[in-house]
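Please keep the sequence and the structure in view while reading.

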Amino acid sequence: MAKKLMKGCEAIGEAAIQAGCRHFFGYPITPQSEVPEYLSRRLPAVGGVFVQAESEVAASNMILGAAATGTRVLTTSSSPGISLMSEGISYIAGCELPVVLVNIVRGGPGLGGILPAQSDYNQATRGGGHGDYHLLVLAPASVQEAADLIGLGFDLADKYRNPVMVIGDGMIGQMMEPVEFRKSPVLDLPPKDWALTGARGRKARIITSLFLNGEELEALNLRLKAKYERMAREDVRFSTYNVEAGYDVLIVAYGTTARICQTAIDLLREKGVSVGMIRPITLYPYPYEAVAKAAEAARAVLTVEMSMGQMIDDVKLSVLGKRPIHFHGHAGGVIPTPDEVVERIHSIRAGFQS
Amino acid sequence: MQVEVVMAGFGGQGLMLIGKLLAEAGMEAGLEVSWLPSYGPEMRGGTANCTVVISDRPVGSPIVKNPRDVVAMNLPSLDKFEPVMKAGGFLVINSALINREASRSDVHVCRVPANEIALQCGNARAANMVALGAYIGCAGILPIQRIEHAIQETFEKKPELAKLNLQAFARGLELAQGQGKGAQ
Amino acid sequence: MQTLFERPESLQTTRTHYCPGCTHGIIHRLVAEALDELGVRENAVGVSPVGCSVLAYYYFNCDFVEAAHGRAPAVATGIKRTRPDLTVFTYQGDGDLASIGMAETVHAANRGEKIMVIFVNNAIYGMTGGQMAPTTLPGQVASTCPSGRDVNTAGWPIRVVELLSSLVTPAYLARVAVHRPQYVVEAKRAIVQAFRNQIEGRCYSMVECLSICPTNWGMTGRDSCDWLEKNMIPYYPLGVVKTPEGSSSRARVATQGA
């Protein structure tokens, strides 16, 4: 398929269709309303169903129902909407249902703003709702990668029977870049022998997250834990930039912020300063080992985020105090610039000499 | 090679569209591109702008504090973006709506009365195409045919509009070329 | 020997956890009989609520999913829209349906989702121990209105089927009671009709079942039945409030039943 210039939100919608998803339930919110708008046009054309829910609360429970029938289903929202969805998401995790959620993050807390942010990192990676659960969280840094990760996300959701969140800042949703819809390598997926399809010629099936017996509920939690451990073994993803050249500072950044840092690294290289970067693609499971290893080659680590410092906790858990960790971030839609990152690197390196 | 251009003006002047045409032409020319809009309340009234990055390697930051080039369709946009341009960049000023000269002397300036030219072509709304023509005419970053092709594709179903926009684009191109610095 | 009465195939053999005297058992049976008679048990998916009937999935012999408090209509929407061939029903109490889930209730009805909603109205919160419900009657004592419901601060009880009948979208809306055999017969008709509406792809259907809660009302079963008759029926009149053909005149269920 030829490359097409598309907005991130539209590419996300199209990628879902390419992944075999024919059902969308969601509620409009800036800066991701282009996804429901796009799918309300496209889905009926491919025999699918688009439902505009009355709220994000309802949407999150509609996708639970849809996933319960064994159907691939998508919802998309932005920060305040994801907070409302955390009810349904917790139930979906408890029911072990595969869904793909997209959060095009805007600044918070509260109503916040509508500009790009990465301030939902903790909410996304620590579960977000009540109970001991995690989403598998994928963070694209380009429109192409957003499309690729939607496809992969549906497969991983089915592989683990777990909700998958694709998280991007407002820029990922609003930006246009060339995109090509590639068939992701098809995973060997388990059969959906739990789906509610009517008890024809078999015993009735129940999908529930209610276990009043302590041992039974613990068994669910142990099963979930084992699942998360398997994710950490089999599905950690990250990419690196300029690490082959050797470096004394390692940047850790994800999403669009990583691209800003990439430009900063290019600017520094022109001045003879070599800085490496590691970009987590799975925010959960987090690439702890890879970050730890990359940090070993550096004298210091710089975490750059569009938040007041959320991923930095995972960087700390990776580095375990072996290297000093610095932070640079903005919030509320103020975006770090490559120049700021360059300056920050210079000041960190100035500290080495003294 | 990397070019960053900010296209800015009032909401409704069609800046997003000419940015998109530029990005599409860049993509068709085999280059890496990104197009980032300002979004939110600014979409209605006020100023609207988009940033297009065209590069021969993967685009790093899609948001650019110091663009090389600026297309300013109104005074607030010129006031906002002229000071942050890189030295040696190209600045297109819509002289139909901006009644001051450029204050930078280290950039290439191209003044076009985009609204008036568009009106001569038959519709004042094609002022954006005049500005795009002027920008390509002075900065010469992409082959003219690529842009023309992108315009044709965009207005595929409305041949009248395609014709009008191509004409407006050609007039802008012509005017810029008359001011020195030729296009390819 | 001829079998005159037996357990419907759509009910499991599991003993229920419902209190003595509770009418949930009757309503379960009516739903199960309807599933059997219409031959849709193997095609049905039920959605259970949060409330006394949270464990309904153990008692019905068909596929079931448990919804969050109040969200059963949203879950049912997700099921029905992905598998229109399935027969989908929710089973909800008054707190679930008319309080926390009112938005989901109204919007599922307004979208005309082809689902069936069983609404058990016993004018009180059962599972959490007798707190005030949106359907608790004026002056009725509950654990969070110990002096009786004060309509000046808590408002008047919500008449759900009448509320939904104001929507323009076609629907089948009926209110029945299950505290005396003659009412049970009518209730059955309404439930069968509601399922039929769905099977024929006709409309959204809700059957509100006036029900008793001897435990939380603090009465014997017999007194509860009398109390329902004397207090609930005057406030919550029985009958078909709306049909998909647009009739909103109140008619006896019996005249509607096909």
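In which loop of chain A is A:Lys322 found? A:Lys322 lies in the loop that runs between helix H11 (312-319) and strand E15 (325-329). The model shown here is predicted, and the points below treat this residue before turning to the chain as a whole.

**The residue A:Lys322**

- A:Lys322 counts as exposed because its relative accessibility is 58%, and the cut-off for exposed is over 50%.
- Although 30 residues separate A:Lys322 from A:Ala292 in sequence, the C-alpha atoms of the two residues are 9.0 Å apart in space.

**Overall fold and dimensions**

- Chain A contains twelve helices and 15 strands.
- The radius of gyration of chain A is 21 Å, close to the 20 Å given by the globule rule for 354 residues, so the chain is as compact as a globular protein of that length.
- Along the principal axes, the C-alpha atoms of chain A fill a box of roughly 75 × 45 × 40 Å.

**Interior and contacts**

- Of the 354 residues in chain A, 61% are buried.
- Among contacts in chain A with a separation of 6 or more, 80% are made by residues 24 or more positions apart.

Terms used
Residues are numbered from 1 along each chain as its sequence is written. Chains are lettered from A and ligands numbered from 1 in the order in which they are written. This is a predicted model: local features need pLDDT of at least 70, side-chain atom pairs count only at pLDDT 80 or more; totals for chains, interfaces and linings use all residues. Side-chain values use heavy atoms; hydrogens and water are left out. Helices (H or I, at least four residues) and strands (E, at least two) are DSSP runs, numbered from the N terminus. The radius of gyration is taken over C-alpha atoms; the globule rule is 2.2 Å times the number of residues to the power 0.38. Buried means under 20% relative accessible area, exposed over 50%, partly exposed in between (1.4 Å probe, protein chains only). Contact means heavy atoms within 4.5 Å.
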